[in-house]
Amino acid sequence: MSWNKRLLNTPIIGDITKKIASMKVSNDAKNIAEHFTQFLKPELATTDELRAEVFKIRHNVYCEELAFEEVKAEGQEKDEFDDHSIFSMIKHKPSSTYTSCVRVVKSSCEEELLPIEKYCLDSIQNESLHPSNFKRTEICEISRLAVKADFRRRKSDQFKGSAIGVISESTYSETELRCFPFIAIGLYMAAATLAIDTGIKHVYVMMEPRLARSMKFVGINFHQLGDAIDYHGLRAPYYINPKIFMDNLTPGFKSLFKAIENDICEQLSELKLI
């Protein structure tokens, strides 16, 4: 199976590409926000214990499932960028299980490179939005988004029990299942809050082009900076900033963002990070 096809079935793409296009997004989004907040909660990984949970989720997805990275004996996937990153997870409230994670890689000096700067800098063809044009403290990269198999549900998996996981109807209610395809969107919104509320003005991400296109259905308009390259599959460099994010977010999904923002900001405030 090609990297492209694999990515379409990964937690990075998840159900977003395959389901959002067929939904009446504007009408459903308000209900999704209600369901999301009822069953799911964004949570910052601020302790060693919670960060270990992040690394375990990443290992499960990136090493064991996708084989993008080698399997580690300790069962945790980490890299050099974690030392200058902020992490968020989304918890399933009824089971107190962490469903997914994402990180925001920040930079306080020239030595603290973003992943896109170290590995994919040549892919950025838009010189006006090159990270070198901006203050180090005002740039970041969203990366390592991962959703555990138990919290992904594709129509094709309902009958064959895919190796990457199917939600059991006996374990999760139908109401809960309605919000699970939006976990990845929730992660991007949590990352957006972490960026906006800690002074970031310029955000980068390497993602599969189909994911970027699907995100436009909810009004998250990433600007492509160059051609797609083979980097853990077919990915391209993208850019977004707080103004682009807030100006284009569809009204329905603004409700979801506000709910996530309130949760994240409350935690940031407690940590005296804002």
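**View 1. Ala67 in the loop between α4 and β2 of a predicted model.** Ala67 sits in the loop that joins α4 (48–65) to β2 (85–92), where helices (H or I, at least four residues) and strands (E, at least two) are DSSP runs numbered from the N terminus. The phi of Ala67 is near 60°, a positive value in a residue other than glycine. Ser96, in the loop between β2 and β3 (97–106), also has a positive phi, near 55°. Most residues other than glycine have a negative phi. The model is predicted, so local features need pLDDT of at least 70 and side-chain atom pairs count only at pLDDT 80 or more, while totals for chains, interfaces and linings use all residues. Residues are numbered from 1 along each chain as its sequence is written, and side-chain values use heavy atoms, with hydrogens and water left out.

View 2. The 14 residues of helix α7 (residues 183–196) should span 20 Å at 1.5 Å a residue, and the end C-alpha atoms are 20 Å apart, which agrees; the expected span is 1.5 Å times one less than the number of residues. Because 13 of its 14 residues are buried, α7 is largely enclosed by the rest of the structure, buried meaning under 20% relative accessible area, exposed over 50% and partly exposed in between, with a 1.4 Å probe and protein chains only. Of the 274 residues of the protein, 56% count as buried.

**View 3. The largest nonpolar core.** A nonpolar core is a set of buried Ala, Val, Leu, Ile, Met, Phe, Trp, Tyr and Cys residues joined through side-chain atoms within 4.5 Å. Among the 63 residues of the largest such core, Tyr188, Met189 and Phe222 touch the most other members, and α7 gives the most to this core, with 11 residues. Once neighbours within four places in sequence are left aside, Met189 is in contact (heavy atoms within 4.5 Å) with Phe245, Leu249, Phe253, Leu256, Phe257 and Ile260. A second, separate core of 14 residues includes Val54, Ile57, Tyr62 and Leu66.

**View 4. The largest cavity.** On a 1 Å grid over the protein atoms alone, a cavity is a set of points where a 1.4 Å probe fits but cannot get out, whereas a pocket is an open set with protein on both sides within 12 Å along at least five of seven lines; lining residues have an atom within 4 Å of a point. Grid points are joined across faces, edges and corners, and a volume is the space filled by probe spheres set on the points. The largest cavity holds about 110 Å³ of space, and its lining includes Tyr188, Phe222 and Phe245. The largest share of that lining, four residues, comes from α7.

**View 5. The largest pocket.** About 300 Å³ of space lies in the largest pocket, and of its 21 lining residues, Ser143, Arg144, Tyr231, His232 and Arg235 are the closest to its centre. Strand β4 (139–147) is one of the elements that supply at least two residues of the lining, and β4 gives the most, with five residues.

**View 6. Met215 in helix α8.** Met215 lies in helix α8 (residues 209–215) and, at 0% relative accessibility, counts as buried. Met215 and Ala184 are 31 residues apart in sequence and 10.0 Å apart in space, C-alpha to C-alpha.
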